[in-house]
Amino acid sequence: MAAGVDSDVFEQLLVTVERFARERLIPAERQVEEEDNIPEDIVVEMKEMGLFGLSTPEEFGGIGINVPQEARLIEALCYASLTFRSLIGTNVGIGSQGIVMDGTPEQRSRWLPGVASGDVITSFALTEPDNGSDAAGIRTSARRDGGDFVINGTKRFITNAVRAGLFTVFARTDPDKPGADGVSAFIVPADIPGITVSKPDRKLGQRGTKTSDVIFEDVRVPASSILGGPERLHQGFPTAMKVLDRGRIHIGAMAVGQGQRMLDLATDYALSRHQFGKPIGEHQLVQGLLADSQAELHAARALVRATAETFDSNGKAILEASCTKYFCTEAAGRIADRALQIHGGAGYMAEYDIERFYRDIRLLRIYEGTSQIQQLVIARRTLAERAA
């Protein structure tokens with residue numbers, strides 16, 4: 001079981017993050033939405049708070065929280081717009097955890113201090129134009145050339161690519177092995193020749209979050225760039241799955257934080273908006289919307305925290321993590337819909353925050369494994385465990 005940080009220290013950190021989200025980030029949300037960018041002074045503050053290094057071990061300059069602590073902190077941070085979390089998210093989660101989990105001592109000591117400080121932004125380059133959920137179908141190639149590998153291919157929807165100093169790139173190193181068996185993970189600095197990062201995508205929501213295509217053209221890296229060292233050749237897929245399992249707990253916590261914010265907005269509106277001579281919150285059908293949202297939010301929070309404890313204790317939680325990602329993100333979508341409905345016509349107007357949250361929350365059911373992929377994982381593991 002990961003020790004994490006001392007409980008008293010953690011509680012102080014949690015209070016600090018809660019205050020930061022409410023007093024600093026929420027007032028900046030509309031500026032981020034309008035400018036499609038996070039103000040640099042907020043970036044600096046997040047670095048100074050150590051938010052980029054939440055999950056990086058202390059020996060490399062991070063805070064070293066465990067998974068249950070991460071879930072609570074991410075929930076607190078995501079009471080504010082998800083865009084702010086996206087800035088640190090790859091450093092805390094998928095962009096760095098491969099190095100933390102499977103990196104060599106040399107790879108950890110070289111990269112993790114910069115990751116923890118926020119001086120190095122990491123990106124997780126797995127998804128491709130034709131392969132998102134089907135990660136085993138990766139077409140990006142890494143051809144051996146002497147003591148090096150030459151990478152060619154295109155990655156899509158890569159979060160923080162325009163900011164990245166480092167990519168974890170998944171590429172096929174054995175073209176004769178189908179599926180996952182021939183895939184390796186590489187640690188690739190962003191400034192070496194042959195890497196082109198496209199302009200940021202235009203998206204439905206989460207403006208200020210940067211995703212882009214990343215094109216690799218004859219990018220030459222040494223064999224020592226294989227994540228975990230040359231002995232982990234063709235072992236990239238297990239690393240990706242471990243990273244994504246932890247990431248699914250992280251996304252569940254995001255959904256809970258946003259769910260709480262949306263429920264609070266809807267409750268405040270139900271108390272202040274009057275129809276038929278009384279606050280709309282006194283009407284039973286509106287109360288039903290609030291009650292369903294509150295019940296699902298409590299269930300989602302409990303599931304995230306239980307799964308985080310399981311992951312921390314066992315080092316994995318494959319079934320539980322998929323259940324968490326699936327239930328929590330779908331529940332957040334339903335809470336968003338109810339919250340907007342409570343606002344009535346006002347909820348459809350951009351001057352009300354719920355309109356933005358309604359757009360932002362939709363992505364959670366898609367990335368890092370769609371709801372349909374989670375259903376497959378859940379069903380297959382349920383069947384396999386029962387059969388055994």
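Let me start with helices α8 and α9. α8 covers residues 236-272 and α9 covers residues 284-314; their axes come within 9 Å of each other and cross at roughly 155°. An axis here is a line fitted to C-alpha atoms, for helices over the stretch in contact, and angles run from 0 to 180 degrees between N-to-C directions. Helices are DSSP runs of H or I with at least four residues, strands are runs of E with at least two, and both are numbered from the N terminus.

This is a predicted model, so local features need pLDDT of at least 70 and side-chain atom pairs count only at pLDDT 80 or more, while totals for chains, interfaces and linings use all residues. Residues are numbered from 1 along each chain as its sequence is written, and side-chain values use heavy atoms, with hydrogens and water left out.

Back to the pair. α8 and α9 are therefore roughly antiparallel; the cut-offs are under 35 degrees for roughly parallel, over 145 for roughly antiparallel, 65 to 115 for roughly perpendicular, and oblique for the rest. Their crossing is left-handed, that is, the near helix is turned anticlockwise from the far one by less than a right angle, clockwise being right-handed. On the α8 side the contact includes D245, R246, I249 and G252, and on the α9 side it includes V286, L290, S293 and Q294. Contact means heavy atoms within 4.5 Å. The contact residues divide into 13 nonpolar, seven polar and three charged. Nonpolar means Ala, Val, Leu, Ile, Met, Phe, Trp, Tyr, Cys and Pro; charged means Asp, Glu, Lys and Arg; the others, Gly among them, are polar.

α8 also meets helix α6, residues 94-102: the axes come within 9 Å and cross at roughly 120°. That makes α6 oblique to α8. The crossing is right-handed. From α6 the contact uses I94, Q97, G98, M101 and D102, and from α8 it uses T239, K242, V243, L244 and R246. Those residues divide into four nonpolar, three polar and three charged.

Next, helix α11, residues 353-360. Six of its eight residues are buried, where buried means under 20% relative accessible area, exposed over 50% and partly exposed in between, with a 1.4 Å probe and protein chains only. The buried ones are I354, E355, R356, F357, R359 and D360. Their cover includes α2, α5, α8 and α10.

A80 sits in the loop between α4 and α5. Is A80 buried or exposed? It is buried, at 0% relative accessible area. Leaving aside residues up to four places away in sequence, A80 touches A21, L25, I26, E29, Q258 and R261. E29 is 51 residues from A80 along the chain, yet their C-alpha atoms are separated by 7.7 Å.

Now the cysteines. How many disulfides are there? The count is zero, a disulfide being a pair of cysteine sulfur atoms within 2.5 Å. For C78 the closest cysteine sulfur is in C328, 12 Å away, too far for a bond. For C323 it is also in C328, at 10.0 Å, again too far. C78 is buried at 0% relative accessibility, and C323 is partly exposed at 26%.

Last, backbone angles. Most residues other than glycine have a negative phi. D36 has a positive phi of about 55°; D36 lies in the loop between α2 and α3 and is partly exposed at 31%. Q206 has a positive phi of about 50°. Q206 is in the loop between β6 and β7 and is buried, at 2%.
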